[in-house]
Amino acid sequence: ATKDSSFELAYHGEDKGTCKFDFGENAVLPNDNVTRPPTVWLWMHAGFMIMAWGVALPWGVSFANRLRALGGTKKTDSWFVLHKRCQVVGWGLQLCGFGAAFAHCQLHSKHFFHPHAVFGLVLTAVCTLQPLNAFIRPHASPETKKSTSRMLWEIMHKGLGWMAVVGGLVNLVLGGLLAHKLSYASDFWVTAVAIGGGASGFVALYFIASLLVPENPCSRSFES
C-alpha cells in the first residue's frame with residue numbers, strides 16, 4: 001500500500017521495512033523492528049472496558065454482596081441503590097467499549113478472530129441482558145418466605161453477574177496479551193493492563209477485607 005493507502009505497485013523510498021504477517025488471523029505478528037500505534041478506537045475500547053469491567057461492575061457486585069450482609073437496623077436499602085447505580089454505569093460503558101471495538105475491527109482488522117473478541121461478545125450479551133433479568137424478577141416480601149421462583153431467579157441473576165464480572169477481568173488480561181501479540185506499542189497495552197489491574201485489585205482488596213471484617217469502617221461509610 002502506498003502512503004495514500006491506495007493498493008498498487010509503487011516505490012516506497014525510505015518508507016519501508018519488514019514485518020511478519022499471519023494471513024490466517026489477518027494480523028501483523030510481533031517483530032523487533034515493527035510496532036503498531038493504537039488507533040483512537042482502540043484507546044477508546046480499552047478505556048471504556050477498563051472503567052466498566054475493572055471499576056463500575058466489580059464495585060456493583062461487591063456492594064450487593066458485602067453491604068447487604070451488614071447488620072444493624074438501617075431501613076434504607078443503600079446496598080441496592082449503590083449496586084444499581086454502578087451496574088447502570090458499567091452497562092453503558094461496556095456497550096460503548098463494544099462499539100469502539102466494532103469500529104476498530106471494521107476499519108483496521110477483522111471481527112471475532114481471537115478468543116478475546118469472542119469471549120467479549122459473550123460477556124457483552126450477558127451484561128446487556130442483566131437489566132431485563134432484573135426487571136422480570138419475582139418480588140419477595142419480608143413477611144413471607146421466598147418462593148421457589150424467587151430463589152431460582154436469585155441463583156441465575158447472581159450466578160450470571162459473578163460469571164460476567166470474573167470473566168470480564170480475565171478478558172482484560174486477554175486483551176492486553178492480544179495487543180502484545182499484534183505488536184501494538186508496549187506503552188499502550190502495558191498502561192491498559194496496569195490501570196485495569198490496579199483498579200480491579202482495589203475492589204478485590206475491599207471485598208476480601210469485608211469478608212474478613214464485615215463491620216468495617218469502609219462498608220459503614222458506604223451505607224451512610
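The axes of helices H4 and H5 come within 9 Å and cross at roughly 155°, and since an angle over 145 degrees counts as roughly antiparallel, H4 and H5 are therefore roughly antiparallel to each other. In this predicted model, the crossing of the two helices is left-handed. On the side of H4 the contact is formed by Trp 162, Leu 169, Gly 176, Ala 179 and His 180, which meet Phe 188, Trp 189, Val 193, Ser 200 and Phe 207 of H5. By residue class, the contact of H4 with H5 comprises seven nonpolar and three polar residues, with no charged residue.

These helices belong to a protein chain that has six helices and two strands, and the order of the elements from the N terminus is β-β-α-α-α-α-α-α. Of the 224 residues in the chain, 38% are buried.

Helix H1, spanning residues 40-67, packs against helix H4, spanning residues 148-181, with axes that come within 10 Å and cross at roughly 150°. Because this angle lies over 145 degrees, H1 is roughly antiparallel to H4. The crossing in which H1 passes H4 is left-handed. H1 contributes Met 49, Ile 50, Trp 53, Gly 54, Leu 57, Pro 58, Val 61 and Asn 65 to the contact, while H4 contributes Trp 162, Ala 164, Val 165, Gly 168, Leu 169 and Leu 172. The residues of this contact of H1 with H4 comprise 11 nonpolar and three polar ones, and none is charged.

The packing of H1 with helix H5, which covers residues 186-212, has an angle of about 5° and axes 10 Å apart. Since an angle under 35 degrees counts as roughly parallel, H1 is roughly parallel to H5. The H1 residues that take part are Leu 42, Trp 43, Ala 46, Ile 50, Gly 54, Val 55, Pro 58, Trp 59, Ser 62, Asn 65, Arg 66 and Leu 67, and these meet Phe 188, Ala 192, Ile 195, Gly 196, Ala 199, Ser 200, Phe 202, Val 203, Tyr 206, Phe 207, Ser 210 and Leu 211 in H5. In this contact of H1 with H5, 17 residues are nonpolar, six are polar and one is charged.

The largest nonpolar core has 11 residues in all, namely Met 49, Ala 52, Trp 53, Leu 57, Val 61, Leu 93, Leu 123, Val 126, Cys 127, Ala 164 and Val 165. Two or more residues of this core are given by each of H1, helix H3 (115-135) and H4, and the largest share, five residues, comes from H1. One member of the core, Met 49, is in contact with Gly 54, Gln 94, Gly 97, Phe 98 and Leu 172 when its neighbours within four places in sequence are left aside.

Gln 94, one of the residues touched by Met 49, is found in helix H2, which runs over residues 78-108. With a relative accessibility of 0%, Gln 94 counts as buried, because the cut-off for burial is under 20% relative accessible area. When residues up to four places away in sequence are not counted, Gln 94 touches Met 49, Ala 52, Trp 53, Thr 124, Cys 127 and Thr 128.

In helix H4, Val 166 counts as partly exposed, at 46% relative accessibility. The C-alpha atom of Val 166 is separated by 8.7 Å from that of Trp 53, although the two residues are 113 residues apart along the chain.

Phe 112, placed in the loop between H2 and H3, has a phi near 55°, a positive value in a residue other than glycine, and is partly exposed, with a relative accessible area of 38%. Ser 183, placed in the loop between H4 and H5, also has a positive phi, of about 65°, although it is not a glycine. At 5% relative accessibility, Ser 183 counts as buried.

Technical notes:
Residues numbered from 1 in each chain as written. Predicted model: local features only at pLDDT ≥ 70, side-chain atom pairs only at ≥ 80, totals over all residues. Heavy atoms only, no water. Axes fitted to C-alpha atoms, helices over the stretch in contact; angles between N-to-C directions. Helix = DSSP H or I, 4+ residues; strand = E, 2+ residues; numbered from the N terminus. Parallel < 35°, antiparallel > 145°, perpendicular 65-115°, else oblique. Left-handed = near helix turned anticlockwise from the far one by under 90°. Contact = heavy atoms within 4.5 Å. Nonpolar A, V, L, I, M, F, W, Y, C, P; charged D, E, K, R; others polar. Core = buried A, V, L, I, M, F, W, Y, C linked by side-chain atoms within 4.5 Å. Buried < 20%, exposed > 50% of the residue type's maximum accessible area, 1.4 Å probe, protein only.
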